[in-house]
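Hi,

Here is the structure I promised to pass on. Have a look, and my notes follow below.

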Amino acid sequence: MATDAEVIGVRGVFLKLRTHAGLTARRLRDTEVDTRVLADLPAVQRAIRESGAPVEQAIVEAVAAVVAELEPTDRLIADVVLALGMLADELTDQPALANRLYRADLGVRRIALSEGWRTLHELMGVEHPPQTPTVRSLRGSVEEKTLGVLAERCVRAAGMARRESAEEPGNGVVVVGGAVMDHITVVESLPSAGTSVQATSFHMNPGGKGLNLAVAGRRMGFDVRFAAAVGDDAAATRLVEYMREQNLATDLIVEAPGEATPVAQVIVLPNGDAATIGWKNELRVALSTRDMRSQEMSRALAEADAVLVTLEAPVDVVKWTLDTARNLPRKPLVLLQASPPLDRPQQIYRQLAEVDYVVGSEWALSKLLPPFSDDKSIDEIARQLRTMGVATVCVVENFRCRIRSRELEADIDAPSVPLTDSPGAREAFSAALVHHLLRIGRRGLTRETLQWASAAMATNLSIDIITDAMPKPGDVGRIMESDQSVG
């Protein structure tokens, strides 16, 4: 419930921000006014979560949305006092008034508002507006009253956002992949044969590419259903506990009685480059197509907006999942994380025809092609995969992404970061990509979407924490903002 203190706090910020250029993203970045009371509004956080916008832009958009719902006179006053520009399109035939109405000078805006009072109300469909205020009255009680109404509505909208976030699930996403215990070792250099080195750090954490994707998706606000197999040991117990801590449903997790949970040894260099040795225990701990045909999985797939698949599961499970996704009445967006490599990738060539996005490093993507393709260029790898039906190929490494599709070919440079790579970066990219695509429509792949997904890789940088470093939309927004301000 809104409190008087919340309303007073928000109104106070509006009163301070009305001066000079008003409420703009640039003003919010440069101001000494403490705007945390606006940034913390759930309506603003929701805008960040859904669009990936920087916090300053999210504040402007959220406030403008509330202003648009005010009564006409309050809407006009708030629009002009905060210089939101909401009537600009209606004033194309009156450029002089428009120029003064949104000038970066509150005094000029007040004069224009007072002088254009009746005209502006007529543009809003109001035939009998209230008495025209003087500049002095605007500066006194009129603006303060309107900004108080706006503050109350913003706080009320925050309460609505809290209820909606509790009641409305995000997009449904199914992830099919692996859950393993990562043994993460950081070393200064890799030992050569017959030598040894000492690790600078060692961690045992829940991991696996499938779990990375599931956690990243959940932090992006998705309603994630994760299918994977674990053993029947302390590692399995920790994995399932971690999934629940991350608010992941565990009804699609298959436990193999009496068996050891898969393990991955991840060796990381100080610059973030990593090499992995995996032990999947796949003969004893693995999903089966029988597991995938459960009623729970059928419901999850039927409700899915996106299906994300890694190559950690057995080939027949990968094939079944891609085939099933293709034949669903409401076809979801399908993304294939091309790792770890398959012994015989030809087994899934037919299924590639319905994959929307394939994501992987250059090395991983080359392993989808026969051995004689090892020396192929990025463009040739992408051309062959697209010939087999993949809609978009995403080559992602060293915080860069290179995209090849029929609609768009783009190379997105890496953000300015101190590492050359980071374990889990590709899973962060994939979850952020799907987040943005589901928000703007899957046909809307743009450079902005790719830049946002690339920024996700550079968020929460770590060389010894992988799954738990997956970002939230607000984290990505801050990276985008920081990169823009530096540029």
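In which sense do strand β6 and β7 pair, and over how many bridges? They run antiparallel, and the pairing of β6 (residues 263-268) with β7 extends over six bridges. Within that pair, Ile-267 sits opposite Ala-275 of β7. Keep in mind that this is a predicted model.

Zooming out, those two strands belong to an open sheet of four, ordered β3-β2-β6-β7, with mixed pairing. At the edges you'll find β3 (201-207) and β7 (274-279), each of which pairs on one side only. Ignoring direction, neighbouring strands of the sheet are turned by 20° against each other on average. Helix α12 (residues 234-245) packs on this sheet and touches β2 (180-186) and β3; the direction of α12 makes about 70° with that of β3.

Now for a helix pair. Helix α6 (residues 72-81) packs with helix α8 (residues 106-115) at an angle of about 150°, and their axes are 9 Å apart. With an angle over 145 counting as roughly antiparallel, that makes α6 roughly antiparallel to α8. Their crossing is right-handed. On the α6 side, the contact is made by Leu-76, Ile-77, Val-80 and Val-81, which meet Leu-106, Arg-109 and Leu-113 of α8. By type, the residues of this contact come out as six nonpolar, no polar and one charged.

A word on confidence: the chain has a mean pLDDT of 89, with 92% of its residues at 70 or more. Over residues 159-168, though, the pLDDT is below 50, and beyond near neighbours in sequence this stretch has eight contacts in the model.

Cheers

Terms used: Residues numbered from 1 in each chain as written. Predicted model: local features only at pLDDT ≥ 70, side-chain atom pairs only at ≥ 80, totals over all residues. Heavy atoms only, no water. Axes fitted to C-alpha atoms, helices over the stretch in contact; angles between N-to-C directions. Parallel < 35°, antiparallel > 145°, perpendicular 65-115°, else oblique. Left-handed = near helix turned anticlockwise from the far one by under 90°. Contact = heavy atoms within 4.5 Å. Nonpolar A, V, L, I, M, F, W, Y, C, P; charged D, E, K, R; others polar. pLDDT = per-residue confidence, 0-100. Pairing = 2+ DSSP bridges.
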